Amino acid sequence: MIKHQLALVRRELWEHRSIFVTPIAIGSIVTLGVLAMLVFASGFAAELDIAIFGAQNLAGDPERKAALTGFFLGTSWIFMMALAILTVFYCLDSLYAERKDKSILFWRSLPVTDAETIISKLIVAIIVIPVITAIGIIGTHIINLIVTSIWVSMKGGDGGMLIWGSVAFLDNWLAAFIVVVASGIWMSPFIGWFLLVSAYTKRSPLLMAFMPLFLIGLLEGIILRTHVFAENVLGRGDGLPLFHTVNIEKFFNEEQWRISEDATNLLAHLDVVQFLTSPAMWAGIVVCALLSIGAIYVRRYRDES
Amino acid sequence: MTSLVSANGVTKRFGSFTAVDNVSFDVESGRILGLIGPNGAGKTTLLKALLGLTDCEGQLSVMGLDPFRQRKELMQNICFIADVAVLPRWIKVTQLLDYVEAIHPNFSRKRAEELLQQTKILSNSKVKELSKGMVTQLHLSIIMSIDAKLLVLDEPTLGLDIIFRKEFYANLLNDYFDEERTILVTTHQVEEIENLLTDIMFINDGKIILDSTMDALADSYVEVAASGADADKARGLGPIAEGQMFGKSVMLFEGVSREHLEGLGEMRTPSVADLFVAKVKGARA
């Protein structure tokens, strides 16, 4: 069973190389952007480039911490958006492409059950992609911290102290890891839905996946004049029950246009117990399981001829 | 002899259309059975039922297993190549071998690599870079490296040129087939495989219209080419089909002994293709 799953997951990663390529591409773009910014800024004034991530004269300790945390949050956000889109396309493709290119009968000619196949796709969407995303975020961050601290040191600043010594990076990396993995679990009902659509639809999986969701929300609004579906399903992404009640004014200092100094430890904002005991999270897992069973059923019982 | 496949009253309906109609037969191990039928006769549906890819009515047992409900166990001992079961285009040859090796308990990677070395297929090629003939060679190399009791081939050589087709069957016979194994094959190109078959089954409109060993075929069916009065005499014995060739009437007899036909004209065992045409026409009349 475990040996099968390993082989099946590896198979998924062979087929969908974008799962690896996308984080590498984003990491490269971010790093190039940071390098460009450092070089560009140094054209203005010798001091300014050091100020980008905070050096002695222009930026103080709070500013530097805020800049480093802001950079980290921004990078993480780009990764999460890109990998979320990638997950949608991965799921929609995973049971559709094999029917389109007729390889499904080859896969089914081997001693693997349909349940094992669907489980491997769930593992990729809910665990593997988020873990790769987190590794991408943390890896990109480390590379950019190295680049920046070298730059700062070259300009006469103490990179070790100014960059590495300022923010609780380990806490922030752990926080990023938790947020990314929790997001995958939180959004799992959509993953189940996309797999079902992918197994079922004869054409345009993207349209078939999103049209019913928007139509139901729209019809509910018109007919019942309520927004239960829109709020709970379409708006699910906003409701991740992982954060302490965030006081946005405390988190983001609008006057100084930066993240407040005492907010730069991101781990302190998370409440893992609240997430693990959230009924909405568990309800999501149940919905994901039911939709996945639907996908298994469709793959098993539909005659492909 | 043990029955490897046993079908009893197997029926498959799609709405009001009956694709396989109350079919019963047995296949013993160590045989090469050709399943011959026109397009839409129900061959593929029957094979799908055998492979557990579709559910059906009636009793169907393959190696003592219910194919649809015990598909995973079944697939450890069955292999199939179907024209519709193509290899994924994105995969590399080595990845394919890695995957099958991890998944299939009876797969010998060493043997697959040996077989592939006899071809022009490179191990780092992707399937989409290979010609159709090479893809079939690749698929066959994998299949022949799996120690399976039953091999099902559904139009395995469709779209291949004659050299590949000949090679395909030669490999199958020389490198794969032995007394322990059973092969079930469907094809349109009957002439190419009739010499390898031990058994033959005709299927038409979902029904089996002939189920025989090749040896028994020669005893039951005879073709006579006669002319003039001899032809009239032969006609009196009730041929199931008659055609004209080189000014002679060629008549096909079923269940008429050769002694009765002696002297009426040149006798020979009919080709499977001729017999098939006669049987299908007879079934439609």
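Over how many bridges do strand β10 and strand β12 of chain B pair? In this predicted model, β10 (residues 221-226) and β12 (residues 248-254) of chain B are joined by six bridges, and the pairing is antiparallel. One of these links can be picked out by its residues: Ala225(B) has Val250(B) in β12(B) as its bridge partner. Helix α9 (residues 228-236) of chain B packs on the sheet and touches both β10 and β12 of chain B. The direction of this helix makes about 155° with that of β10(B).

The two strands belong to an open sheet of four strands in chain B, with the order β11-β12-β10-β13 and antiparallel pairing. At the edges stand β11 (241-245) and β13 (266-268) of chain B; each has a single partner strand, so one side of each has no neighbour in the sheet. On average, neighbouring strands here are turned by 20° against each other, direction ignored. As background, strands of a sheet pair through backbone hydrogen bonds, in either a parallel or an antiparallel way.

Chain B also holds an open sheet of three strands, again antiparallel, in the order β2-β1-β4. Its edge strands, β2 (17-28) and β4 (57-62) of chain B, each pair on one side only. Strand β1 (residues 3-14) of chain B pairs with β4(B) in the antiparallel sense over five bridges. In β4(B), Gln59(B) is the bridge partner of Asn8(B). Here the helix that packs on the sheet is α1 (residues 43-50) of chain B, which touches β1, β2 and β4 of chain B. The direction of this helix makes about 60° with that of β2(B).

Now take chain B as a whole. It has 11 helices and 13 strands, and its C-alpha trace spans about 70 × 40 × 35 Å along the principal axes. Of the 285 residues in chain B, 43% are buried. Among contacts in chain B between residues at least 6 apart in sequence, 68% join residues at least 24 apart.

Some buried residues can be followed along one helix. In α3 (residues 93-103) of chain B, Val93(B), Leu96(B), Leu97(B), Tyr99(B) and Ile103(B) are buried. They lie on the same side of α3(B), because they cover an arc of only 165° around the axis. What lies over them? The cover of the buried residues of α3(B) includes α4 (109-117) and α5 (132-144) of chain B, together with α1 of chain A.

Ser166(A) lies in the loop between α8 (159-164) and α9 (169-186) of chain A. Is Ser166(A) buried or partly exposed? It counts as partly exposed because it has 19 C-beta neighbours inside 10 Å, and a buried residue needs 20 or more. Leaving out residues up to four places away in sequence, Ser166(A) touches Asp61(A), Arg64(A), Lys65(A) and Leu68(A). From C-alpha to C-alpha, Ser166(A) and Asp61(A) are 7.4 Å apart in space, while in sequence they are 105 residues apart.

Terms used
Residues are numbered from 1 along each chain as its sequence is written. Chains are lettered from A and ligands numbered from 1 in the order in which they are written. This is a predicted model: local features need pLDDT of at least 70, side-chain atom pairs count only at pLDDT 80 or more; totals for chains, interfaces and linings use all residues. A residue is buried if 20 or more other C-beta atoms lie within 10 Å of its own, exposed if 12 or fewer, and partly exposed in between; C-beta atoms are placed from the backbone. Two residues are in contact if their C-beta atoms, placed from the backbone, lie within 7 Å. Two strands pair if DSSP finds at least two bridges between them. Axes are lines fitted to C-alpha atoms, for helices over the stretch in contact, and angles run from 0 to 180 degrees between N-to-C directions. The arc is that of the directions from the helix axis to the C-beta atoms.
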